[in-house]
Amino acid sequence: MKETTFIPNVLIVVPSFNKSYESYDLITHKYIGPSNHNQPLYLDMWSSFTKEFYKNNNLFPHDMSDMYGKVVKVACFTYKPYVLLDLNSTLVPFGRDGMEIRIIEEFCRWINCSVEIVRDDEYQWGEIYKNMTGVGVLGSLVEDRVDLGITALYSWYEEYLALDFSAPCIRTGITCIAPAPRLLASWETPFLPFTLYIWIAIFFTFIYASIALTFAQGGSTKNVFLTTFGMMITQSQSDVGRSWRIRSITGWLLMTGLVLDNAYGGGLASTFTVPKYEKSIDTIQDIVDKRMEWGATHDAWIFSLALSQEPLIRQLVNQFKTYSFEELERKSFSRSMAFSIEKLPAGYYAIGEYITDKAVLDFTIMLEDFYYEQCVVMLRKSSAYTNKMNELIGRLHESGLLLAWETQVALQHLNYQVQLEVKLSRSKKDVENIEPLALRHVLVNKPEVKYVGNIHGNEVLGRELLLGLADYLCEQYSQNDPNIRSLIHKTRIHLLPSMNPDGWQLSTNFGGQDYLLGRGNNHSVDLNRNFPDLDAITFEFERLGINHNNHLLKDVTRLAAPVIGARNSRCNPLDNVNTVCAELLVANYPYDESRSGALASEYSASPDDDTFKEIAMAYANAHADMASVNRPGCHVNGPDQSEAYNFGKQGGVTNGADWYSLKGGMQDFNYLATNAFEITLELGCKKYPLENELENEWNRNREALLAYLWKAHIGIKGIVSDDTGFLENAIISVVNLTGHTPKPIRHDVTTGVYGDYYRLLTPGRYEVTASHPGHYPAQRIVTVPQRQSSARILNFKLEPIRYEDGALFFDPPFIRYQHVVGDQPRIYKRSLFEKVTNTLLQARDTPKP
């Protein structure tokens with residue numbers, strides 16, 4: 001019998017007789033295993049003589065804990081992010097993925113079954129007919145062609161009459177993206193200062209005044225309308241009339257015109273100052289009032305609304321239309337309809353692929369949701385899998401894996417550009433905030449740059465160049481050089497000509513001829529090897545999967561070697577720092593230390609590798625010959641030795657560890673301990689050049705020194721605040737959206753005491769998030785242009801997390817789940833699935849051999 005294949009424990013009692021007593025054979029069918037499910041399975045025999053079982057076997061052996069590879073048929077179709085089929089099987093196991101596919105895969109791993117996909121891309125969700133047949137996923141279930149059905153199946157009432165539902169696995173909100181409001185047409189501008197009712201009142205005032213003036217003139221209509229119109233726009237009259245009636249009407253009209261003229265002028269000025277847009281579609285009432293179509297490829301979107309008797313909802317259902325994929329894609333550019341989407345628990349959206357990254361730019365997400373639904377796994381009535389599936393879904397909710405899976409699937413398979421545009425479609429896309437001028441605009445919003453020279457006392461060129469730079473800046477400023485004045489007005493410049501004056505003095509006393517004498521200070525300490533080795537900490541965090549590689553001084557106790565004074569050190573949040581040395585001719589950028597411990601030739605990239613390369617190249621390209629491929633290399637130990645490598649062949653720049661690895665360097669320390677971005681400049685082959693060579697060296701480096709100062713103005717800057725004022729130590733996180741795949745830049749910066757921050761970025765498109773304890777995070781999108789004389793301004797005003805109805809709205813690292821244990825909702829940290837997601841992104845970013 002076909003029905004027995006759906007029931008795990010069918011016990012058949014077969015009587016058998018012999019001469020002395022009766023016995024009964026107990027038989028079931030083979031329910032588990034990959035095949036032969038109709039084959040009888042002998043269990044035991046019961047004797048009426050002994051009143052005992054012969055083998056004492058379990059009469060109900062199929063407890064659903066181990067299906068021994070039994071094939072479970074699953075009906076579904078491709079619908080992102082729930083189910084994705086036909087993927088590359090070399091990258092994704094079995095060529096399938098998705099939030100609900102992962103539930104099924106985990107289910108079969110748990111009970112040891114095999115998955116067989118039964119797809120129906122033509123009918124998709126399908127429907128159930130009155131004769132208990134059907135098409136699509138629902139039809140396959142009701143006709144017992146499959147065991148389970150998935151793909152965003154909601155808890156629909158009509159389907160529940162014929163099928164079993166699992167516990168809810170995904171809560172989804174259904175709404176629409178509607179055409180974004182556009183600027184009103186220019187011909188409407190003259191009518192915008194007054195409302196329709198005011199214009200009607202003005203019209204009747206004009207008619208009434210014209211009639212009154214006609215009577216005052218003894219019934220004459222000569223120039224009545226022109227005179228009335230002229231006085232209503234405060235145009236003076238050459239003849240005010242001799243009659244007191246005419247004069248009183250004229251005076252009254254002039255007073256009316258004065259009021260109207262001033263009100264209209266003020267309104268028109270406001271219209272030109274603040275652009276006027278069409279009314280946006282925010283609510284169900286709005287979309288019904290505009291009689292705008294909304295739709296998708298299947299009418300499953302309105303199954304949950306079909307039984308509603310509310311007039312507004314019935315009208316909404318009537319406006320729903322289904323079209324083919326191609327037609328929907330065409331309509332997405334016509335602004336003629338809205339498109340249904342799903343809002344998922346972890347903040348992503350289920351959006352049809354007919355909405356492209358170009359079309360979505362002209363849509364905004366509605367504020368009001370049409371309805372909420374619970375996604376379930378559907379099964380036949382009294383299915384043996386129901387209880388096990390419910391138990392699994394409960395465990396997935398408790399662990400937070402469902403949210404982790406949503407994030408992973410979204411990052412791997414969804415169009416992130418479309419996701420981001422929908423998410424931020426309601427926010428103001430212009431990054432320039434309009435606000436009154438305040439004192440803080442003068443005190444802050446200036447990036448800071450620090451030049452440090454002579455860290456090795458016997459490398460004196462940097463010392464001399466910085467003294468020359470100070471003199472040059474002051475001289476050009478006093479001569480009103482517009483570029484220099486602009487640079488100084490926009491930038492806080494710090495110059496430290498000699499970081500190691502005692503080493504310089506020692507080297508100078510001996511004529512600057514010794515290669516090592518004066519390199520260290522008077523205590524024989526190499527200052528560029530004596531900073532806390534924060535590289536070791538960040539590399540340890542990377543190995544442990546901890547996403548934390550900035551402001552690491554608080555973690556300095558993790559170092560094996562003690563660090564004296566490290567806890568009390570404090571560094572200003574400078575944007576650009578530059579250490580000037582002399583040994584070769586190259587701009588060196590982080591990391592200086594290799595991850596594996598290799599002494600050389602290991603590229604050790606930082607999260608801001610692209611930015612470091614750009615600011616290093618800025619110096620090299622502006623230098624006279626640092627980036628030249630034709631210049632000779634330096635001699636390492638003397639004129640008789642072969643030349644060292646010419647870094648001009650790679651643009652005059654190098655990654656520090658790729659050249660040679662060092663620990664305790666200042667540039668890596670500043671990057672990992674503060675907001676600073678630091679590179680090291682090696683400015684020549686001679687550590688101690690002669691006096692007559694200094695002018696030539698100044699000319700070779702002058703433009704490069706200035707170009708590097710201007711690089712403090714690339715990227716973004718702004719202020720983070722709330723209703724109470726500035727927010728210090730707010731975190732600014734950045735995701736690079738420039739390429740096809742979004743790449744988080746895993747190095748955050750923080751705000752200063754005035755809430756100000758500065759973030760160096762290369763040209764491109766970025767998602768920027770500002771967060772602070774006790775506040776909801778805010779996100780914005782910004783495009784950094786190719787050429788910048790000033791960083792883009794991106795201010796954030798954060799909303800505090802408030803107490804409402806006695807319940808605490810938790811900080812962003814926490815989330816409240818729908819799964820309830822007892823009478824209290826459980827609260828889980830998001831760190832688990834964030835760690836999984838970060839690991840996934842790192843794997844995607846790693847180039848394959």
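Helices (H or I, at least four residues) and strands (E, at least two) are DSSP runs, numbered from the N terminus. The model is a predicted one, in which local features need pLDDT of at least 70 and side-chain atom pairs count only at pLDDT 80 or more, while totals for chains, interfaces and linings use all residues. Residues are numbered from 1 along each chain as its sequence is written, and side-chain values use heavy atoms, with hydrogens and water left out.

**Helix 14**

Select residues 461-478, which form helix 14, an element of 18 residues that reaches 26 Å from its first C-alpha to its last; this is close to the 26 Å expected at 1.5 Å a residue, the expected span being 1.5 Å times one less than the number of residues. Colour the buried residues next (buried means under 20% relative accessible area, exposed over 50%, partly exposed in between, with a 1.4 Å probe and protein chains only): they are Leu461, Gly462, Arg463, Leu465, Leu466, Leu469, Tyr472, Leu473 and Gln476. An α-helix has 3.6 residues a turn, so residues three or four places apart point the same way. Moving just past helix 14, select Asn480, which takes a positive phi of about 65°.

Now select residues 448-453, strand 18, where five of the six residues are buried, so that the strand is largely enclosed by the rest of the structure.

Residues 371-380 make up strand 17, which is mostly covered, with eight of its ten residues buried. Show the following partners beside it:

- Strand 9 (residues 148-154) runs antiparallel to strand 17 and is joined to it by four bridges, with Leu153 opposite Val376.
- Strand 10 (residues 163-165) is also antiparallel to strand 17, through three bridges, and Asp164 has Leu379 as its bridge partner.
- Strand 11 (residues 170-179) is joined to strand 17 by five bridges, again antiparallel, and Ile170 is partnered by Cys375.

**A cavity**

A search of the whole structure finds five cavities of 30 Å³ or more. On a 1 Å grid over the protein atoms alone, a cavity is a set of points where a 1.4 Å probe fits but cannot get out, and lining residues have an atom within 4 Å of a point; grid points are joined across faces, edges and corners, and a volume is the space filled by probe spheres set on the points. The second largest cavity has a volume of about 70 Å³, and to see its lining, select Thr5, Phe6, Tyr31, Lys70, Val146, Asp147, Arg380, Ser383, Ala384 and Tyr385.

**Annotated and buried sites**

From the unreviewed UniProt entry comes a "transmembrane region" covering residues 191-216; in the model the end C-alpha atoms of this span lie 32 Å apart, and the span is 81% helix and 0% strand. For "active site", the unreviewed UniProt entry lists Glu682, which is found in strand 23 (residues 677-683) and counts as buried at 6% relative accessibility. UniProt positions are given in the numbering used here, feature names are shortened, and annotations may be inferred rather than shown by experiment.

Finish at Glu593, in the loop between strand 21 (585-589) and helix 18 (609-622), where a relative accessibility of 5% makes Glu593 count as buried. The C-alpha atoms of Glu593 and Tyr603, ten residues apart along the chain, are separated by 9.2 Å.

Notes: On a 1 Å grid over the protein atoms alone, a cavity is a set of points where a 1.4 Å probe fits but cannot get out, and a pocket is an open set with protein on both sides within 12 Å along at least five of seven lines; lining residues have an atom within 4 Å of a point. Two strands pair if DSSP finds at least two bridges between them.
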